[in-house]
Amino acid sequence: MALTIRNRRFYLDCERMLLVSGSVHYWRLDRSRWGEILDRVREMGFETICTYVPWCVHEISRGEFDFGEINPDYDLDAFLTLCEKKDMHVLLRPGPHVNSEITYFGFPKRIVHDPEIQSVTADGTPVIFPSPPRMFPVPSYASEKFYREVGRYFDRVAPIIRAHLHPHGGIIAVQADNELSFFLRTQPYDHDYSTGAIRLYARFLEEKYQDIRALNERYSTEYGSFDAVLPPRDFNCASNGANRKNIELPYYLDWIEYKEYYLQYGLSRIAEMLRERGVETLIYHNLPGLCTKPPYNHVRMEEIVDVVGFDLYYYKEEYHKVKRCVQYLNGISRAPFLSEFAAGFVALPIPVKPILLDDARFTTYAALMHGFSGINFYMLVERERWVGSPIDRFGGIRREHFKFYQEFNRILKRMDYQKLESACDGILLVNRDCARLELASSLLTPIPIIGGITPEYYVSEDDLGFSDIIQLECTRQWNALYFGFGAAKYPVAIGDTTISEERLAEYKMVAVPTFDFMSESVQKKLSNYARNGGHLVIGPRVPVLDYTMQKCNILEKNLLKPYEGLDRLDLNGAALASVDLFDIADISDIPDPGDSASVSASIPSTAPVPASLLAAEPGHKTLIYQQSIGSGTIIHFGFLFPRIAEPDHVTQGLLAIIERIATATGLDRTIPETDPGIDVAVQRAADCGREFLFVANTRATRRDVDVGGRYRDLKSGEVVGPVTTVPAYTVLILEADQR
Amino acid sequence: MIGENVRIVDWGIEQWNNFYHAIFHSKTPESAIVIIHNDGVPIKVVHTKDGSRPELKERFSDCCQIQDMMKAIYREEDVKTVYAVAYPAIRRIFTRFERTVDCDANYIKQLFSLKDAISCEFGHGITQYPAGSHWLADFEYKTVKKLFASAPDNALVMLTIFSGQDIWTNWIIGIEGGTITLITTLDVIKPKIGSTGDWRRECRQITDGVKKQFGVKPLSFFMDHETFRGLIEAKGKLRFFADALSTKKIVSKALPIKYRIMLFLRRIFPK
């Protein structure tokens, strides 16, 4: 394999490589224009292109294909040969799903119309994807017949791919399928309930529990076999008695875990089919942007393929979506790869706002700011159903667009970007256990979770027997920490609780919203992280149950129990709710932990006295405390932050809380500026000492920003600072003086 | 209607952007509150802008009927509309749609299957306060079909909208066998069309240019931006269109003879 990944970077033939490419769809272009078009692509500074190979275009009828024999524009072999002549690398995406705004998303019509292949809803209907120019039933990734049919297509296309694999050919990576995401209908009780999918569910349960008695014990049921377990078709947990509610949750949480398993299964089947046919190269996959929660499981998917990227199509006003995606990949992925990044927009009669060059100018640099090891611009060359690329389908150029990408590639070279690494001392984790509950409790199945629909619009608001409405609060609390650290100018990476202990150890601080339950393995991992010298930030509650709702207090046994509670507390503008107060002063008097009368604390009397980081009022009880554990600490805040949906909701009170936490965990603030509309990131090159400060103005008006020192502006070459003006929706790239 | 393999090519960025904003984003979205209920028992209250508002559920818990709760919330909260959505209604919409949609039918007909599935819930699974017009419920596919049947077959239809003297947006639609097979713009031929400084004079030149490129004289409509906005906002779009044609706010070229006679009569007998 020529393209490999080490230390979150791509290497081609053992040489570190920044993977910068752009999409060109050969079959949609006149063959006589291919050469001219590739020359224009090269002139912009791209050395790699990316193309789909759509099944429906090449298949004439079942088992009969046209790879240029009839229509010369379909000659994949000739196109790949031409790329090689022009010394260009290729990322190849043979599907079977390709979307690419093509009717039926690249599946032949006979495939989507075959009832044996179709995915099935909870009510037994096919699943209709409403895309123009034809709505169509989507296939099931649990259908054996589907894989048999894909196999026929792969049998035909694989020899062409093999003949062009690097090093003798130009293909350096192959994508297995495309945006595996239940066709964006990810609500839990929507689909797939086909026969194959229900069989797969039984297989998942068997792999998880091994013995049906173990499942019966967990579910309080009496099933005779795994096949007898009926999948949930709705969230009925709230209808049971209050004292039994969360006992039934494992059934629903398993269903969500199965949904993750279903996607992993689909990916593994497709990737395996490619490998079986000799496609021995780096295999990757792409997910729609911001798919950081169930049913997506990035870490598990990267156990199947080499790398999983995100596809980003955002407007300039959506800076934080770009940041979250890129930071998440930095925190969790084997190599942060933006497998599709908007260059132009879809031209179909649907109400989707065009993504213009103005958007790209900001979002592209926003992505650069947070660090990637690869980016693929979709599309570099315009074609039917796509508008706004730098090159038109005749090989002509859109001057402004062309210049923009040319300049972008030059800047990457000037920065020696492939050598840079994001400097984040902290990481903020999504609590996957709670995220599974969030999805499981959906009331809006089957409305697709797209656009601006966030969990608060669809989750049940039953407390399910817990201290908080976890499914509502887990995202709210995460958002408060995310916007809080950002506004206070402490760059933190993003990840989730599935990431390895080794990876956590790279950070000084790990923050994660925690509630009444958490998997035993995650509790152990977080505890070990702290014991080994890390600073773990958790709250509002300390888990006392595991994922199966059995007692598990690995973290709790090291921490204080609340002394008293307040419904609400206003802290300098931050309206905190369900506040637990802790009594640090009483710590020396705590009785033996075995004493049932103990109410003030559960930690052993030999443990170090925790430090109060923040009190409700001077001399009053503690809101946040820091407890030493091993060679590290756990910081526990026992309250709910208010809803923070955007940076402007960040109050002085929240900033003060973040400041205390950051100071106690040894994080360094990047710049003195506190305007929440300004965001910053730092990237460094380990070998030469070059350091870049990125300053993003996420607002529609220009801002004067205190960057705290003198820097050289990479684009203008001018020395700026300590106060510098940042135009609206602009990322400044400032290089620190190396002297 | 819309062909399975319709070609949508050669669009100017600005043209697409202008058209999108004219059609889809002419107004700022109005705020609303949605009550999700199960058999009349509220289980969730959501503000379209502020997200979940659980306190509203508690504050209006003394309302016996969901309709009372809608009215009370409407009176006290600054929102344009309050909706009540029965929990199973959403699933019923999807099920009804997915059972009835014809996967071989054209896209417009497929959209009507979805519209019909939603309409079935109006007044039952989905209610609103203040009551809406429900015009959508009465709008039928056969009306669109009739309208489409009146368009010439195997022809090009062109719509051009001007902003000042510039082309603000332009659509050229190719129809073959009653199906739209091409959606494109003047962009490919635009450089060959010189600007006369007066869009009313430019109409013929544009029409001739399109004929030269595609070999067919298009049925063309030209209007300024203001008229187009009026058309988009008009409740009776057909009437507005006909009026604008007869008063020459909309200029047409290559209109079939029967329509020209109708327009002529309309000018003479305006009422």
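Chain B of this predicted model has a mean pLDDT of 84, and 92% of its residues reach 70 or more; pLDDT is the predictor's confidence in each residue, from 0 to 100. The model scores ipTM 0.88 and pTM 0.94. Residues are numbered from 1 along each chain as its sequence is written, while chains are lettered from A and ligands numbered from 1 in the order in which they are written. Because the model is predicted, local features need pLDDT of at least 70 and side-chain atom pairs count only at pLDDT 80 or more, whereas totals for chains, interfaces and linings use all residues.

Domain 1 covers 2–22 + 151–268 and domain 2 covers 32–145. Taken over C-alpha atoms, the centres of domain 1 of chain B and domain 2 of chain B are 36 Å apart. Chain B also holds an open sheet of 5 strands in the order S4-S3-S2-S5-S6, with mixed pairing. Strands here are DSSP runs (E, at least two residues), as are helices (H or I, at least four), numbered from the N terminus, and two strands pair if DSSP finds at least two bridges between them. Strand S4 (51–52) and strand S6 (126–129) of chain B each have a single partner strand, so one side of each lacks a neighbour in the sheet. Strand S2 (residues 32–38) of chain B runs parallel to strand S5 (residues 81–86) of chain B, and 6 bridges join them. His37(B) has Ala86(B) in S5(B) as its bridge partner.

Turning to chain A, the domain assignment gives domain 1 (18–182 + 278–418), domain 2 (426–431 + 474–665) and domain 3 (678–736). The centres of domain 1 of chain A and domain 2 of chain A, over C-alpha atoms, are separated by 42 Å. Between these domains, 10 residues of domain 1 of chain A are in contact with 8 residues of domain 2 of chain A, contact being C-beta atoms, placed from the backbone, within 7 Å. Helix H10 (residues 319–332) of chain A gives the largest share of the domain 1 side, 6 residues. UniProt, in an unreviewed entry, places the feature "domain: GLMA-like second" at residues 499–565 of chain A; such annotations may be inferred rather than shown by experiment, and feature names are shortened, with positions given in the numbering used here. Over residues 499–565, chain A is 24% helix and 21% strand, and the end C-alpha atoms are 33 Å apart.

What is strand S34 of chain A like, enclosed or open? In strand S34 (residues 730–736) of chain A, 5 of the 7 residues are buried, so the strand is largely enclosed by the rest of the structure. A buried residue has 20 or more other C-beta atoms within 10 Å of its own, an exposed one 12 or fewer, and a partly exposed one a number in between, with C-beta atoms placed from the backbone. Strand S29 (residues 691–697) of chain A runs antiparallel to S34(A) and is joined to it by 6 bridges, with Val695(A) opposite Leu732(A). Strand S31 (residues 711–713) of chain A also pairs with S34(A) in the antiparallel sense, over 3 bridges, and Asp713(A) has Leu734(A) as its bridge partner.

Finally, the contact between the chains takes 36 residues from chain A and 33 residues from chain B.

Methods: Domains from an automatic or database assignment. Contact = placed C-beta atoms within 7 Å.
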